[in-house]
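Reader: I have a structure to look at and some questions about its residues. Please show it first.

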Amino acid sequence: SKRAFVNKHTGKAMMQEMGGERLQSWRHSVSDEARKVWDTAPASGPLSVTIEIYLQRAKKPKHQDPIGKLSGDLDKQARSIMDAMTGVVFWDDSQVTRLLITKRWAEERSDGRMGAWINVTS
């Protein structure tokens with residue numbers, strides 16, 4: 001999330017990221033992993049991106065599917081991933097013409113790990 005405010009000293013409107021350390025750590029992890037598998041220059045042209053996010057199930061989940069405040073908003077999760085891949089996988093996330101993103105429980109993965117699976121195609 002972002003927060004808008006007016007700087008008391010300059011009078012200018014400012015935007016501040018609200019994700020803090022966790023968001024920065026997540027973005028660094030995504031961009032580091034992207035660099036490991038994307039060993040060419042960032043792609044140009046239109047791209048399709050598929051993202052599957054794997055979350056830890058709560059001890060007493062209220063729902064069968066990963067919905068609710070603790071599972072996060074898909075649009076914000078997609079934005080953090082797309083921002084992390086900008087300059088690594090593609091020059092700008094405006095190149096993405098198709099985006100498919102889903103949330104799943106980590107236990108649905110063969111290794112049971114939390115994280116994200118990301119596929120980029122032209």
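Reader: Is D32 buried, exposed or partly exposed?
Author: This is a predicted model, where local features need pLDDT of at least 70, side-chain atom pairs count only at pLDDT 80 or more, and totals for chains, interfaces and linings use all residues. Residues are numbered from 1 along each chain as its sequence is written, and side-chain values use heavy atoms, with hydrogens and water left out. Buried means under 20% relative accessible area, exposed over 50%, and partly exposed in between (1.4 Å probe, protein chains only). D32 has a relative accessible area of 41%, so D32 is partly exposed.

Reader: Which residue forms a salt bridge with D32?
Author: A salt bridge is a side-chain nitrogen of Lys or Arg within 4 Å of a carboxyl oxygen of Asp or Glu. The closest N and O atoms are 3.7 Å apart, and the partner of D32 is R35.

Reader: What is the relative accessible area of K36, which forms a salt bridge with E33?
Author: The closest N and O atoms of K36 and E33 are 3.0 Å apart. E33 is partly exposed at 44%. K36 counts as exposed because its relative accessible area is 61%.

Reader: How far apart in space are T50 and V120?
Author: In sequence, T50 and V120 are 70 residues apart. From C-alpha to C-alpha, the distance in space is 6.6 Å.
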